[in-house]
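Please have the model open as you read.

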Amino acid sequence: MADQMQLCNISESNFEQCTKCSICTTVCPVAAVTTDYPGPKQAGPDGERYRLKDPAYYDKALKLCLNCKRCEVACPSGVHIADIIQKARMRSSEGHRASLRDTMLANTDLLGTVANLVAPVANATLGLAPTKLVMDSVMAIDKHRTFPAYSRQKFTTWFKRHAAKQQDDFGQHVSYFHGCYVNYNFPKLGQDLVKLLNAVGYGVHLLDKEQCCGVALIANGLYKQAKRQARVNADSIRKSVNTDHRTVLTTSSSCTFNLRDEYPAVLDVDTSDVRDSIMLATRFIYNLVDEEKIKLIFKQDYKRRMAYHTACHMQRMGWQLYSIELLRMIPGLDLVVLEQDCCGISGTYGFKKENYERSQEIGSVLFKHIADAQVQAVTTDCETCKWQIEMSTGLPVENPISVLADALDVEATRQANNIN
Amino acid sequence: MRTDTVIMGGGLSGLTCGIALAKRGQRVTIVASGQSTLLFNGGSMELLGNIDGTPVTYPLETIASLPEGHPYRKIGADRIASLADEAKQLLLDAGINVEGDAAANHWRVTPMGVAKHAWLTLSENLRIDDLKQLPARRLALMCIRGFFDEPNSMLANGLKELGFEVDKHEFTTDEITKLRRSPSEMRAASLAKRLSSNNALQRIADQVNSLAGDADMVLLPSVFGMSDNDSYDILKNMVNKPLRLVATLPPSVAGSRMQAMLRHYFMMLGGNYLMGDSAVKGTLEGDRLTTITTAKLGDMPLRADNFVLATGSFISRGLVADYERVYEPVMGLDVDADKDREQWTRFGVLEPQAYSRYGVTTDATLRCAKQGKTIANLRAIGSVLSGHDTVKMGDGTGVSLLTALAAAHGILSDK
């Protein structure tokens with residue numbers, strides 16, 4: 001009876017466990033810079049008590065939430081504060097249509113497909129002052145922002161033409177969920193992963209069907225579309241894991257977090273059966289090294305000083321350890337691990353005109369720490385953090401996989417792992 | 001993942017132990033499930049404040065008379081003085097400016113205006129070494145308009161009872177007025193984040209300087225500096241009179257800063273700090289713990305030569321009580337707790353409560369046990385230990401700091 005009573009009184013979000021200590025509010029990057037946002041405690045568990053009585057208590061200010069999850073990371077009582085806020089936003093959005101701007105920003109794959117076809121034109125046009133002014137005034141996309149450049153060739157096109165055939169020759173195999181950024185904007189990151197894994201004897205394969213993970217769709221309130229895409233991805237991942245026995249690797253912390261945790265928590269798409277087989281490539285590779293299944297040999301003459309930035313969703317997953325420890329294996333890399341501060345972009349949030357100033361103010365603490373660190377470059381597992389930090393500090397930002405691939409002595413590594 | 005030592009718990013004791021080990025070249029991983037109770041600390045450490053309701057003036061002399069099971073007795077009364085010096089130095093090295101001496105307690109002032117014994121107090125806070133010789137005669141108590149976290153009438157009355165003359169002034173500035181637009185967030189941490197720029201601090205100093213009159217010390221609530229000492233240092237130079245701060249209701253700015261500085265120091269020494277993760281399972285082989293599984297790292301457990309349990313007491317879930325028993329949730333370690341639920345609590349919230357002395361069972365070297373068998377490479381430190389009483393004895397932070405250092409010494413001498 002006792003067990004029953006305690007168990008029955010715990011919801012999925014654990015919100016009954018909130019002791020009102022307010023610690024979440026002390027770490028919220030939004031509440032720190034604006035009084036328009038009531039803070040995670042009130043927006044989350046406090047407000048939920050009212051909303052349970054009557055949905056009309058929904059507060060529009062909840063759209064200011066970045067969904068950075070720092071409140072959940074800080075909560076000493078295990079309350080899923082940001083999930084409560086996301087779900088409340090989702091319920092209140094039913095029956096409303098997202099604006100053209102939000103739909104455009106959220107559909108990273110549609111936008112990418114079109115832009116790839118006309119990449120030189122798109123890049124030139126999106127970067128022009130008149131275009132930026134039109135986007136600023138008509139679309140409310142802030143003029144300070146530059147869209148990440150689009151690649152002329154999609155990652156998948158490159159892969160099919162130049163890499164796919166060799167992959168079957170390897171003894172071990174993984175699948176790669178490349179995500180929109182690698183596919184449309186920055187194929188080099190995907191190429192770096194293939195280079196790295198091939199050097200240690202792993203073949204890399206695409207999923208049967210990959211759609212945008214939907215992290216931007218969720219953030220912009222396009223839940224139905226997000227659910228549809230989530231189901232397609234879940235099916236492809238299941239086939240890879242269950243039929244082909246291939247772990248699904250990623251190179252973006254936000255895609256990873258979305259596939260593993262937001263699908264069940266926010267979209268009600270259950271991926272629990274394959275959750276353990278979806279992971280960031282750094283975690284997978286670290287574990288192979290740790291278990292002495294592979295060896296990584298780095299260039300003797302590699303020399304660089306870099307700062308590692310823990311992206312918010314990376315911190316929520318708790319996996320920064322793997323990226324940091326892998327990077328520490330590079331003898332010539334002088335790595336500064338930065339304090340865990342939010343960069344302020346939060347996917348598409350910072351692109352919106354109404355959020356621009358807030359976004360930069362949130363990031364200012366991090367930018368100062370980066371300046372103080374006196375580094376040549378920054379490394380982080382999130383592509384939107386990369387855009388924000390590059391724009392705001394002028395320093396180049398690379399994914400840890402690219403840093404590893406760059407520092408790797410490919411020939412020596414192949415030999416050390418007996419790859420012909 | 002393998003490191004030399006894995007510490008479960010990232011609060012005061014976990015971080016202190018981690019720093020002591022990392023300074024000696026160990027690779028250390030800390031698993032911290034959320035922020036710690038250090039965020040409820042107003043800026044003082046206590047070694048021993050009371051025994052059986054009687055205030056303790058000279059803690060070092062009194063420790064020998066503590067009951068056998070007290071953590072101080074386990075680590076040895078004769079070692080307390082040197083461990084206390086080492087703890088103070090560690091805090092200073094982390095940038096936490098504390099003052100005080102283990103030989104004789106001083107008084108700190110609570111947000112309610114009550115004087116309580118303390119061992120170390122932040123130099124920015126109001127501290128009284130001798131109640132007969134107050135550090136100032138006349139205080140200008142500067143109250144921020146609309147501020148939630150300081151019951152300033154109670155504080156003023158308390159200070160008067162201690163013998164101060166108190167002039168209470170209310171003030172506001174542009175930044176503070178703007179913050180009042182958010183009805184729920186006139187809290188200490190929110191203020192600290194908005195009052196860190198030179199301009200914001202100058203506006204406060206201007207108000208304080210014009211209102212302070214002939215007071216010989218200015219008191220402000222502790223709302224300066226969430227992660228460093230800069231705000232207070234700048235403000236102190238702008239205010240014309242000696243400036244001291246008073247602790248607020250939690251979450252505390254000084255506590256957040258101490259936590260941030262300790263974590264920063266630990267990470268500077270190369271430590272891994274896994275924020276928002278928690279240990280869920282331990283695997284034993286014979287009398288040794290081999291791995292710890294965490295919620296986030298999942299099927300890749302943490303391996304180490306030594307492990308430390310620093311998960312805190314009931315509030316931090318280092319101990320759990322259900323309808324039938326008190327238990328340690330990660331590994332089901334042996335606990336010192338009454339079996340009979342009737343014995344756990346006593347009627348009257350201010351009465352000494354048995355549960356506040358509950359904790360995991362340890363031997364003289366702080367090693368834990370399961371079903372009566374000692375685990376050779378698992379030590380417990382801080383609030384998860386049995387035999388002390390943070391509320392009634394005023395020994396919580398001291399136990400955290402000193403047992404952390406004792407465990408670190410034990411681990412280093414094992415090798």
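1. Ground rules. This is a predicted model, where local features need pLDDT of at least 70, side-chain atom pairs count only at pLDDT 80 or more, and totals for chains, interfaces and linings use all residues. Residues are numbered from 1 along each chain as its sequence is written, chains are lettered from A and ligands numbered from 1 in the order in which they are written, and side-chain values use heavy atoms, with hydrogens and water left out.

2. Domains of chain B. Domain 1 covers 2–99 + 257–414, and domain 2 covers 126–246. The bounds come from an automatic or database domain assignment. The two centres, taken over C-alpha atoms, lie 34 Å apart.

3. Where the domains of chain B touch. Six residues of domain 1 are in contact with seven of domain 2; contact means heavy atoms within 4.5 Å. Together the two domains bury about 550 Å², with 32% of it on carbon and sulfur atoms. Buried area is the accessible area (1.4 Å probe) that two parts lose on being put together, summed over both. On the domain 1 side, B:Glu99, B:Arg257 and B:Met261 supply 75% of the area, more than any other three residues.

4. The link between the domains. The count here is one salt bridge, that is, a side-chain nitrogen of Lys or Arg within 4 Å of a carboxyl oxygen of Asp or Glu. B:Arg127 and B:Glu99 meet in a salt bridge through their side chains, at 2.3 Å, N to O. B:Glu99 therefore deserves a look on two counts: it is one of the three residues named for buried area, and its side chain is in this bridge.

5. Chain B against chain A. Here 41 residues of chain B are in contact with 46 of chain A. The two chains bury about 3,600 Å², 49% of it on carbon and sulfur atoms. B:Met1, B:Lys296 and B:Met300 supply 18% of the area that chain B buries, more than any other three residues.

6. Charges across the chains. The rule finds five salt bridges at this interface. The side chains of B:Asp299 and A:Arg283 meet in a salt bridge, at 3.0 Å, N to O.
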